[in-house]
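Visitor: I am new to this structure and would like to be guided through a few of its features, one question at a time.

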Amino acid sequence: MSFQTPAKRTGRTVDTAKVGGGLKLLAGLVGLMWLIEVIDTAMNGDLNQYGIISRQPRGLVGILTSPFLHLGFGHLISNTLPLVTLGALIAVSGAARLASVTAIVTVLGGFGTWLISPPNVITIGASGLVFGYASYLIVRGLFNRRIGQVLVGIVVIMVWGSALLTSLLPQDGISWQGHLCGGIAGLFAAWVLADDKQVRTK
């Protein structure tokens, strides 16, 4: 026996698939970070040389690799919780949206970090990505004119706001440049991925 699935039920199935795809991608990104840190630890931190090295051509590769490199498991753990929490809020919109935001923040935020970081300093870690996710979530509702997304942005500010602002202050061993550039890239992602712009390009 065969029958057509009702339209309403089909819509729910598609939404569930989008959420599942987004969460799978997020799990893959975080899992890759942990796998690389295991390998890096076994190699005595040799992989960390592939982070962002400001204004040096060889440091450009770090734009893509730095989010997956960390200075030990303590550093990785401190980034994992906010990355998973904020990333999951984006992932509910699907894998394509999470991938787009991640790509924009990684490339633009990383390039900005490469431009303005102090010389001879290697920048590694997913904190720039965390800042990008946070700023994207904070402002996307304003661009999309969706009250639900605005409320999510308010919650992000309430939970993470003080920590985000504190992390923008110059501190030894912390790349405020990476945080700032990641945050700016997240704002850009929210603008370029706004609903009205997506409709115009279709």
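Visitor: Does Leu 180 count as buried, partly exposed or exposed, and what is the reason?
Guide: Please keep in mind that this is a predicted model. Leu 180 lies in helix 7, and its relative accessibility comes to 33%. Buried would require under 20% and exposed over 50%, so at 33% Leu 180 counts as partly exposed.

Visitor: Which helix gives the most to the nonpolar patch?
Guide: The nonpolar surface patch covers about 670 Å², and among the residues that make it are Phe 111, Leu 115, Ile 116 and Leu 180. Helix 4 (95-116) and helix 7 (176-192) each supply at least two residues of this patch. With three residues, the one that gives the most is helix 4.

Visitor: Are helix 5 and helix 6 roughly parallel or roughly antiparallel, and why?
Guide: Helix 5 (residues 127-144) packs with helix 6 (residues 147-166) at an angle of about 150°, their axes being 8 Å apart. Angles over 145 degrees count as roughly antiparallel, and therefore helix 5 and helix 6 are roughly antiparallel.

Note on methods
Residues numbered from 1 in each chain as written. Predicted model: local features only at pLDDT ≥ 70, side-chain atom pairs only at ≥ 80, totals over all residues. Heavy atoms only, no water. Patch = residues over 30% accessible without salt bridge, like charges linked within 9 Å, V, L, I, M, F, W, Y side chains within 5 Å. Areas by Shrake-Rupley, 256 points an atom, 1.4 Å probe, with all protein chains shown as cover. Salt bridge = Lys/Arg side-chain N within 4 Å of Asp/Glu carboxyl O. Helix = DSSP H or I, 4+ residues; strand = E, 2+ residues; numbered from the N terminus. Buried < 20%, exposed > 50% of the residue type's maximum accessible area, 1.4 Å probe, protein only. Axes fitted to C-alpha atoms, helices over the stretch in contact; angles between N-to-C directions. Parallel < 35°, antiparallel > 145°, perpendicular 65-115°, else oblique.
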